[in-house]
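Dear colleague,

Please find the structure below for your review. My notes on the findings follow it.

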Amino acid sequence: FERKPQGLEPTPRGAEFYAKTLAVLGAYDEMMSATRSRPARDRIRLGMPDDYALSWLGRVLPEFPAVEFDITCDLSAQLMAQVQRAEIDLALVTLAARPSLALAVREVPLHWVRAQAAVMSAARLAAYPEGCVFRRAMIGALEAAAQSWQVVAQSRSHAGIFAPVRAGIAVTSVAAGTAPPDLVEFAESPGFPALPTVPVYLVAAPTLRRSARKFAERLVQSLDLTVLA
């Protein structure tokens with residue numbers, strides 16, 4: 001502390017120490033509160049891209065009221081790596097090749113997405129970073145149709161992709177039926193050829209608790225996935 005006419009004041013180091021102490025004490029209080037006042041709950045760690053979570057996850061969550069969910073939304077490649085490290089129990093991912101930990105799969109058509117009032121005369125794309133299956137599908141379809149294209153916005157996040165689409169300066173692609181309701185989803189139109197189907201894999205860590213296995217079974221049923229041998 002420093003002694004000043006108005007009283008004692010913490011030094012910069014003291015203020016930094018105080019801030020860190022608050023975080024530690026807050027975590028301790030939360031841990032003790034959970035231990036004393038709440039019954040033990042099953043916990044399932046889920047991973048999936050934002051658009052899958054927004055469109056599909058809500059169908060199954062209400063059936064597991066006693067489970068605590070830890071949900072990670074990220075790119076499929078990142079989620080797959082976390083499943084392999086057993087940091088996530090279950091994930092829905094779209095990858096170019098079938099992963100070894102895949103339990104089930106469904107082929108889903110891709111659709112283009114644009115703003116309601118947008119008139120797109122050229123393929124200006126909002127896309128996830130290179131390596132994304134959706135990005136590769138858009139570019140591949142356009143080049144096969146001898147259509148010019150340009151990536152005008154790139155982002156790792158759902159919000160970053162759909163902001164330029166809503167602004168009318170870009171189009172993107174989604175798994176059919178997963179576009180936000182304020183945008184227009186279409187299979188093809190002049191200048192925008194039909195896109196291919198992509199696989200959606202349900203992947204699982206090598207060891208699952210009973211609740212996670214039950215949740216995986218319900219995902220297979222709800223999303224009409226085909227169980228893999």
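The protein chain has a mean pLDDT of 92, with 97% of its residues at 70 or more; pLDDT is the predictor's confidence in each residue, from 0 to 100. This is a predicted model, in which local features need pLDDT of at least 70 and side-chain atom pairs count only at 80 or more, while totals for chains, interfaces and linings use all residues. Residues are numbered from 1 along each chain as its sequence is written, and side-chain values use heavy atoms, without hydrogens and water.

Confidence is lowest in helix α1 (residues 12-37), with a mean of 79, and highest in strand β5 (residues 90-93), at 98. Helices (H or I, at least four residues) and strands (E, at least two) are DSSP runs, numbered from the N terminus.

The largest pocket holds about 380 Å³ of space. A pocket here is an open set of points on a 1 Å grid over the protein atoms alone, where a 1.4 Å probe fits, with protein on both sides within 12 Å along at least five of seven lines; lining residues have an atom within 4 Å of a point. The volume is the space filled by probe spheres set on the points, which are joined across faces, edges and corners. Of the 22 lining residues, L75, S76, A77, T94 and C132 lie nearest the centre. Helices α2 (50-56), α3 (76-84) and α4 (133-144) each supply at least two lining residues.

Just after α4, A146 takes a positive phi of about 60°.
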